Amino acid sequence: MAVPKRRVSKTRAAKRRTHYKITLATPVRDKDGSWKMPHHINKFNGSYKA
């Protein structure tokens, strides 16, 4: 069985985990005023502009 060389304290582990974040895609407004996800086709007019 593997044994950790040194114990990571609760505080140290919590400090490390503060950098773990979820990044969500942000919708962007297209030229015609509709919202779409970046790098996706506009469902309303079929245009694509990155």
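**A buried lysine and its surroundings**

I will start with Lys 36, which is buried yet has no salt bridge. Asp 30 is the nearest side chain of opposite charge, and it is 5.3 Å away. A salt bridge would need a side-chain nitrogen of Lys or Arg within 4 Å of a carboxyl oxygen of Asp or Glu. Please keep in mind that this is a predicted model.

Where is Lys 36 in the chain? Lys 36 sits in strand S2, which covers residues 35-36. What lies 3.2 Å from a polar atom of the Lys 36 side chain? That is the backbone oxygen of His 40.

Ser 34 belongs to the loop between strand S1, residues 28-29, and S2. Is Ser 34 buried or exposed? Its relative accessibility is 13%, so Ser 34 counts as buried. From Ser 34 to Lys 15 there are 19 residues in sequence, and their C-alpha atoms are 41 Å apart in space.

Next, the segment after S2.

With a relative accessible area of 27%, Pro 38 is partly exposed, because partly exposed covers what falls between under 20% for buried and over 50% for exposed. Pro 38 and Lys 5 are 33 residues apart along the chain, and 45 Å separates their C-alpha atoms.

His 39 also lies in the segment after S2. Its relative accessibility is 56%, so His 39 counts as exposed. The backbone of His 39 deserves a remark: phi is near 65°, a positive value in a residue other than glycine.

Asn 42 is another residue of the segment after S2. Is Asn 42 buried or exposed? Asn 42 is buried, as its relative accessible area is 1%.

Asn 45 has a relative accessible area of 43% and is partly exposed. Asn 45 and Asp 32 are 13 residues apart in sequence, with 8.7 Å from C-alpha to C-alpha.

Now to the other end of those distances, and to Lys 5. Lys 5 is placed in the segment before helix H1, which runs over residues 10-17. How exposed is Lys 5? Its relative accessible area is 83%, so Lys 5 counts as exposed. Which residues form a positive surface patch? They are Lys 5, Arg 6, Arg 12 and Lys 15.

To close, let me put two lysines side by side. Lys 36 is buried, without a salt bridge, and a polar atom of its side chain is 3.2 Å from the backbone oxygen of His 40. Lys 5 is exposed and takes part in the positive surface patch. That is what I had for today.

Terms used: Residues numbered from 1 in each chain as written. Predicted model: local features only at pLDDT ≥ 70, side-chain atom pairs only at ≥ 80, totals over all residues. Heavy atoms only, no water. Patch = residues over 30% accessible without salt bridge, like charges linked within 9 Å, V, L, I, M, F, W, Y side chains within 5 Å. Areas by Shrake-Rupley, 256 points an atom, 1.4 Å probe, with all protein chains shown as cover. Lys, Arg positive; Asp, Glu negative; His and termini not counted. Charge placed at Lys NZ, Arg CZ, Asp CG, Glu CD. Helix = DSSP H or I, 4+ residues; strand = E, 2+ residues; numbered from the N terminus. Buried < 20%, exposed > 50% of the residue type's maximum accessible area, 1.4 Å probe, protein only. Polar contact = N/O pair within 3.5 Å; in protein donor to acceptor, adjacent residues only side chain to side chain.
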